[in-house]
Amino acid sequence: MKQGIFEISENTPLTADVMRMVLKGDTSAITAPGQFVNIALDGLFLRRPISVCDWDASSLTLIYKVVGKGTAKLRTMAPGETLDVLSGLGNGYDLSLTGDHPLLLGGGVGVPPMYGLAKALRAQGKTVSVILGFNTASEVFYAQQFRDLGAQVRVTTVDGSRGIQGFVTDAMADIPYTHFCCCGPEPMLKAVYRASTTSGQMSFEERMGCGFGACMGCSCKTLTGYKRICKDGPVMKKEEILWEK
């Protein structure tokens, strides 16, 4: 974990309520796809955790959905303004487990970390299949960016207005894969867990206090005991997940 001041170089809309923000600063603490940052905002007590979409040596890209006071404030910020950011938080995806043909599944705001993961896997020469799930066509973002990486992409929408009608699991059946990685709301994770035929890694979304394991506010029970989503996760192996009934 590293605290730093980052300068906003871009903050533009991708859809009606999804924004893409690019920050310039020291990204040396970010070591794996699936990690997140925690952003301090004036007038708000708790930092806001946002997953990292992409990064290089001097910048990072965040994609966030405007859903509350914190993200609404982020949307109003302009290039040149600065943010106090804790970076390198959480454990990301383990690329060594994915095999030669990984399947990545992202639902809504679970899509962004899949991009950084796809980029890293393609850099290793792996064949990557991606399924992106949304409610309707107007919410779809980043499908072309995944294709530009050389990934095989399928889009699903609940109302059938774009791509395959249904959920991400409705597009899984005929795709060969050696391992899966996913991120999205809990109902989606449960469905992927049940539909998957291999081992996999799942990133959990959870309300957080500190973001680095001190407050124990985001603890969850697993097959190997209680774990903190912010520090021991957010990425967990399929085999350790204990679903609440």
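Leaving aside residues up to four places away in sequence, Thr-198 touches Tyr-177, Thr-178, His-179, Phe-180 and Lys-238 in this model, which is a predicted one. Thr-198 itself sits in the loop that lies between α4 (186-195) and β12 (200-203). Because its relative accessibility is 17%, and buried means under 20%, Thr-198 counts as buried.

Nonpolar side chains in soluble globular proteins tend to be buried together. Here the largest nonpolar core has 28 residues, of which Leu-104, Leu-117, Val-130, Leu-132 and Phe-146 touch the most other members. Two or more residues of this core are given by each of α2 (111-123), β8 (129-134), α3 (143-148), β9 (152-157) and β11 (179-183), and the largest share, six residues, comes from α2. Val-130, again not counting residues up to four places away in sequence, touches Leu-103, Leu-104, Phe-146, Ala-151, Gln-152, Val-153 and Arg-154. Another core, of 19 residues, lies apart from the largest one and includes Met-21, Ile-39, Leu-62 and Leu-74.

Turning to the strands, six of them form a closed barrel in the order β1-β2-β5-β4-β3-β6, with antiparallel pairing, and the twist from one strand to the next averages 45 degrees. Within this barrel, the antiparallel strands β3 (residues 36-40) and β6 (residues 82-89) are joined by four bridges, and Ala-40 has Asp-84 in β6 as its bridge partner. The helix α2 packs on the sheet, where α2 touches β4 (48-55) and β5 (59-65), and the direction of α2 makes about 30 degrees with that of β4.

Key:
Residues numbered from 1 in each chain as written. Predicted model: local features only at pLDDT ≥ 70, side-chain atom pairs only at ≥ 80, totals over all residues. Heavy atoms only, no water. Buried < 20%, exposed > 50% of the residue type's maximum accessible area, 1.4 Å probe, protein only. Contact = heavy atoms within 4.5 Å. Core = buried A, V, L, I, M, F, W, Y, C linked by side-chain atoms within 4.5 Å. Pairing = 2+ DSSP bridges. Axes fitted to C-alpha atoms, helices over the stretch in contact; angles between N-to-C directions.
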